[in-house]
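Have the model open while you read.

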Amino acid sequence: GGRRDDRLWKDRSYWRQSVRFWRDLAQALRGHPAIAAYDLLNEPAPEVALGKPSFWKGSYPEWQRSVRGTAGDLNAFHRELVEGVRAVDGRIPLLLETGLYATPW
């Protein structure tokens with residue numbers, strides 16, 4: 001419908017679904033010669049979902065501290081995804097992108 005779906009950043013139950021998805025996919029594709037890596041979430045933007053007024057201004061580290069331990073904590077989300085994949089495949093490279101649509105800073 002042309003609208004953002006930000007449930008992932010507001011309710012950790014969606015994290016559990018994501019972990020199950022990646023664990024199941026990694027299990028099914030483990031050792032497949034055509035798989036070079038898994039990009040676990042392309043251009044995540046929890047900042048936008050949680051109303052950071054302008055992601056080009058202000059203290060980004062301060063904002064990250066403010067969401068630590070919440071559903072908006074991208075680092076914690078990544079840890080859970082990595083643990084899920086590593087439970088079934090310890091070899092495939094994993095791509096973890098930064099927040100703000102993979103903004104390099």
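## What helix α1 packs against

The buried residues of α1 make contact with β1 (38-39) and α4 (74-86), contact being heavy atoms within 4.5 Å. Helices here are DSSP runs of H or I with at least four residues, strands are runs of E with at least two, and both are numbered from the N terminus.

A word on ground rules: this is a predicted model, where local features need pLDDT of at least 70, side-chain atom pairs count only at pLDDT 80 or more, and totals for chains, interfaces and linings use all residues. Residues are numbered from 1 along each chain as its sequence is written, and side-chain values use heavy atoms, with hydrogens and water left out.

## One face of α1

Which residues of α1 are buried? They're Trp15, Ser18, Val19, Trp22 and Ala26, where buried means under 20% relative accessible area, exposed over 50%, and partly exposed in between (1.4 Å probe, protein chains only). Looking down the axis of α1, these buried residues sit within an arc of 100°, so they line one face of the helix; the arc is taken from the directions from the helix axis to the C-beta atoms. An α-helix has 3.6 residues a turn, so residues three or four places apart point the same way.

After α1 comes glycine 31, with a positive phi near 80°.

Tyrosine 101 isn't a glycine, yet its phi is positive, about 65°. Its relative accessibility is 33%, so tyrosine 101 counts as partly exposed.

Alanine 102 is also in α5. Alanine 102 has a positive phi of about 65° too, despite not being a glycine, and is partly exposed at 27% relative accessible area.
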